Amino acid sequence: MPDKPMIAIEGVNKFYGIYKALDNVSLDIAAGEFFSLLGPSGCGKTTLLRSIAGFDTPTEGDIRIDGQSVIGVPPNRRPTNMVFQNYAIFPHLNVEENVAYGLKRLKLDAAEERRRVAAALEQVRLGHLGKRRAHELSGGQRQRVALARALVMRPKVLLLDEPLSALDKKLREEMQVELRTLQRAVGITFILVTHDQYEALALSDRIAVMFGGQIAQVATPKEIYQRPNTRQVADFLGGMNFMKARVTNETATRISVETPRFGGVTVDKPLGFVARNGAATIGIRPERLRVLWDDAHSDFEVAGKVVDRHYFGEITHLIVDIPGLEQPLSVSETNNFGADDIPVGDTVRLAYDPDALVAVAD
Amino acid sequence: MAVLSGTGVEHRPADPPKSRTRWIASEEASGLALISPTLLYALALLFLPVLIVIAYSFWTQDYLTIDRTFTLQNYRTALGEPIYQDLLLRSLVISLVVSVVTVTVSYPIAWFISFHGGVHKNLWLFLITVPCWTSYLLRVMSWKVILGYGGVMNTGLLSIGLIDKPLTTLLYNSNAVVITLVHSWAAFAILPIYVSLEKVDRSLIEAAHDLGDNKLMSFLRVTLPLSLPGVISAFLIVMIPTVGDYVTPKLVGGKDGVMIATAIQAQFGKGANWPLGAALSVTTMVVVSAMAGLVVLALQLLVKVTK
């Protein structure tokens with residue numbers, strides 16, 4: 001993290017009546033970073049984005065953009081631009097006029113304005129559709145117009161409010177790649193609000209996961225997926241098998257636990273961890289468990305009976321009941337070796353890497 | 001796929017639907033059948049009278065009988081006589097002023113209800129329609145009470161000492177006609193403007209702010225252009241009927257406030273010259289339509305300029 005963040009959010013609270021939409025949110029976002037706010041609906045991520053844009057005013061706390069406090073500054077005087085969830089393309093203007101909308105205020109000469117509009121449209125590969133009206137555009141094209149319209153203003157920060165949620169799956173994946181490429185090309189700070197964990201993981205430099213108006217964890221995609229702080233974060237980012245383990249030793253940063261079937265391990269202590277009755281919650285992602293075929297052996301293995309099987313094309317989810325565990329384990333196995341053919345009722349042996357076990361706060 | 005398209009062909013009608021029975025079963029026919037009662041009613045009570053009026057305007061009154069030979073003499077009178085020119089011009093000016101004033105005062109009200117009405121939007125709209133519960137005639141008469149020599153306005157101004165003696169310029173002139181008509185038509189202007197403002201997506205206004213507009217600019221560049229359909233219909237709803245308004249000028253207009261409808265009524269009544277009355281009516285209709293078209297064009301041009 002560079003010493004001077006592009007966006008500094010300090011102790012922001014936002015109340016709607018007695019409802020607390022943002023609860024003591026503090027966050028630094030670096031210049032040029034692709035940052036995602038991830039969380040379920042109602043978690044406050046959109047309120048936080050709108051507070052940065054200036055459409056919502058925090059009840060308490062400070063927001064600084066590039067060192068300047070923006071509390072009390074209306075949206076039109078902030079160095080941010082936004083891509084709205086429904087794109088908000090002006091229906092009475094064509095594509096070029098939409099993109100030129102914000103430039104009109106800058107009183108550029110006509111040639112310069114045209115050049116910037118054309119460049120922005122070229123950047124989102126819409127150069128040929130300049131004269132189209134909003135209602136003549138597809139969802140993906142509208143999204144590109146909204147992007148061009150915001151980027152042409154050369155903001156310091158681009159805010160994206162669930163920009164891909166209205167698109168179908170294939171187009172969404174295409175646009176994800178494009179969005180990432182575009183961000184690298186223009187080099188400005190992007191803040192993306194999304195409820196789609198895959199989108200956040202694929203696009204972001206860092207992710208903040210939010211629940212109930214609070215930030216639960218801020219980390220890189222890999223870190224947040226592999227080392228979630230809390231059970232909630234772990235769950236939101238994908239499947240995870242949880243089990244209760246007995247704490248045998250605890251230091252400032254590490255805890256040692258004795259698990260029911262995975263032996264004794266020492267793992268990083270998550271932020272805000274409190275042992276309850278000497279127990280800790282230990283988790284392991286389903287894809288970190290591997291089926292052992294035939295004579296293969298591993299130093300770390302557990303055995304159990306397949307109780308259910310879900311086929312997903314490239315992978316199969318096996319639900320394996322391990323004696324001694326409260327809940328059966330979910331195992332995600334590629335179908336290369338025939339995991340989709342393992343009959344329900346068979347006993348399988350599973351290998352795991354002790355490093356894949358993590359402790360999470362409840 | 002070949003099998004599928006094969007069955008598709010079988011389901012298609014053997015030949016194009018040209019026979020009568022097929023047409024009767026079609027969607028077009030049932031649609032026409034559904035609208036036909038209303039359509040016939042409208043034809044009988046709207047188009048026929050207009051056609052009769054148009055026919056009369058080319059005939060001549062010959063004392064008690066009508067001479068049905070084609071003539072343009074009525075139009076020469078209607079367009080040539082200074083009295084009719086004056087009346088038509090005054091009617092147009094008054095209706096134009098009324099529509100401009102009505103739309104101007106109605107827009108902020110509609111805007112307020114739409115943007116700041118909160119949960120009470122329906123209550124506000126309901127309150128606006130309250131004056132319309134009484135008869136149109138009564139509402140016009142009540143303005144006589146307000147604007148008259150010993151009326152509310154004069155006694156009010158006298159009591160706060162703004163004037164020494166009652167004003168006689170309040171009633172029985174074209175201003176009184178404008179004031180009364182604006183009041184009568186305000187509700188009919190507020191509603192269409194309100195409806196079009198409700199349809200303006202609020203995120204568009206946020207987008208305008210986000211792109212650098214202050215509140216006034218975003219209103220001029222987004223809200224106003226997008227609510228233009230409502231403004232245009234409000235304008236037309238007010239303008240078209242007021243040109244031919246008869247009751248208001250008769251009651252509060254005095255000598256100065258006489259409008260074309262009074263002259264038309266005179267020709268159909270005391271003047272007993274139906275063809276001339278018809279020619280005046282047709283002339284008014286044509287002029288009003290032309291003016292309505294011009295107003296629509298002008299408003300659209302205005303929006304193009306502010307863009």
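Which residues in α7(B) meet which residues in α9(B)? In this predicted model, B:Tyr136, B:Arg139, B:Val140, B:Trp143 and B:Leu147 in α7(B) meet B:Ala176, B:Ile179, B:Thr180 and B:Ser184 in α9(B).

## Helices α7 and α9 of chain B

By class, this contact of α7(B) with α9(B) has six nonpolar, two polar and one charged residues. Helix α7 of chain B covers residues 136-147 and packs against α9(B) at an angle of about 135 degrees. The two axes are 10 Å apart.

In handedness, α7(B) passes α9(B) in a right-handed crossing.

## Helices α9 and α11 of chain B

Helix α9 of chain B (residues 174-198) also packs against helix α11 of chain B (residues 215-243). Their axes come within 7 Å and cross at roughly 155 degrees. Because angles over 145 degrees count as roughly antiparallel, α9(B) is roughly antiparallel to α11(B). The crossing of α9(B) past α11(B) is right-handed.

On the α9(B) side, the contact is made by B:Leu181, B:Trp185, B:Phe188, B:Ala189, B:Pro192, B:Ile193, B:Val195, B:Ser196 and B:Leu197. These meet residues of α11(B), including B:Pro229, B:Gly230, B:Val231, B:Ala234, B:Ile237 and B:Val238. The residues of the contact of α9(B) with α11(B) comprise 13 nonpolar, five polar and no charged.

## Helices α5 and α11 of chain B

Another partner of α11(B) is helix α5 of chain B, which spans residues 82-116. The axes of α5(B) and α11(B) come within 8 Å and cross at roughly 145 degrees. This crossing is right-handed.

From α5(B), the residues B:Ser91, B:Leu92, B:Ser95, B:Leu96, B:Val98, B:Ser99, B:Thr102, B:Val103 and B:Ser106 take part. They meet B:Val231, B:Ala234, B:Phe235, B:Val238, B:Met239, B:Thr242 and B:Val243 in α11(B). By class, the contact of α5(B) with α11(B) has 10 nonpolar, six polar and no charged residues. B:Val231, B:Ala234, B:Val238 and B:Thr242 of α11(B) are among the residues that meet α9(B), and they also meet α5(B).

## The contact between chains A and B

The contact between the chains takes 14 residues from chain B and 17 residues from chain A. On the side of chain B that touches chain A, α10 (202-210) and α11 of chain B each supply at least two residues. With six residues, α10(B) gives the most to that side. The residues there divide into six nonpolar, four polar and four charged.

## Domains of chain A

Chain A is divided into domain 1, covering 7-231, and domain 2, covering 239-360. Taken over C-alpha atoms, the centres of these two domains of chain A are separated by 38 Å.

Five residues of domain 1 of chain A are in contact with eight residues of domain 2 of chain A. On the side of domain 1 that touches domain 2, the residues divide into one nonpolar, two polar and two charged.

## Sheets of chain A

One open sheet of chain A has four strands in the order β2-β1-β4-β5, with antiparallel pairing. Its edge strands are β2 (19-29) and β5 (68-69) of chain A, each of which pairs on one side only. Strand β1 (residues 7-16) of chain A runs antiparallel to strand β4 (residues 60-65) of chain A, and five bridges join them. A:Ala8 stands opposite A:Arg64 in β4(A).

Another open sheet of chain A has six strands in the order β6-β7-β8-β3-β9-β10, with mixed pairing. At its edges stand β6 (80-83) and β10 (214-219) of chain A; each has a single partner strand, so one side of each is left without a neighbour in the sheet. From one strand to the next, the twist averages 20 degrees. Strand β9 (residues 206-211) of chain A is joined to β10(A) by five bridges, and these strands run antiparallel. A:Ile207 stands opposite A:Ala219 in β10(A).

## A hairpin in chain A

Strands β12 (residues 254-258) and β13 (residues 264-268) of chain A run antiparallel and are joined by five bridges. A:Ser256 stands opposite A:Thr266 in β13(A). β12(A) and β13(A) form a hairpin with five residues between them. In the turn, A:Gly263 has a positive phi of about 75 degrees.

Notes. Residues are numbered from 1 along each chain as its sequence is written. Chains are lettered from A and ligands numbered from 1 in the order in which they are written. This is a predicted model: local features need pLDDT of at least 70, side-chain atom pairs count only at pLDDT 80 or more; totals for chains, interfaces and linings use all residues. Axes are lines fitted to C-alpha atoms, for helices over the stretch in contact, and angles run from 0 to 180 degrees between N-to-C directions. Angles under 35 degrees count as roughly parallel, over 145 as roughly antiparallel, 65 to 115 as roughly perpendicular and the rest as oblique. A crossing is left-handed if the near helix is turned anticlockwise from the far one by less than a right angle, and right-handed if clockwise. Two residues are in contact if their C-beta atoms, placed from the backbone, lie within 7 Å. Ala, Val, Leu, Ile, Met, Phe, Trp, Tyr, Cys and Pro count as nonpolar, Asp, Glu, Lys and Arg as charged, and the others, Gly among them, as polar. Domain bounds come from an automatic or database domain assignment. Two strands pair if DSSP finds at least two bridges between them.
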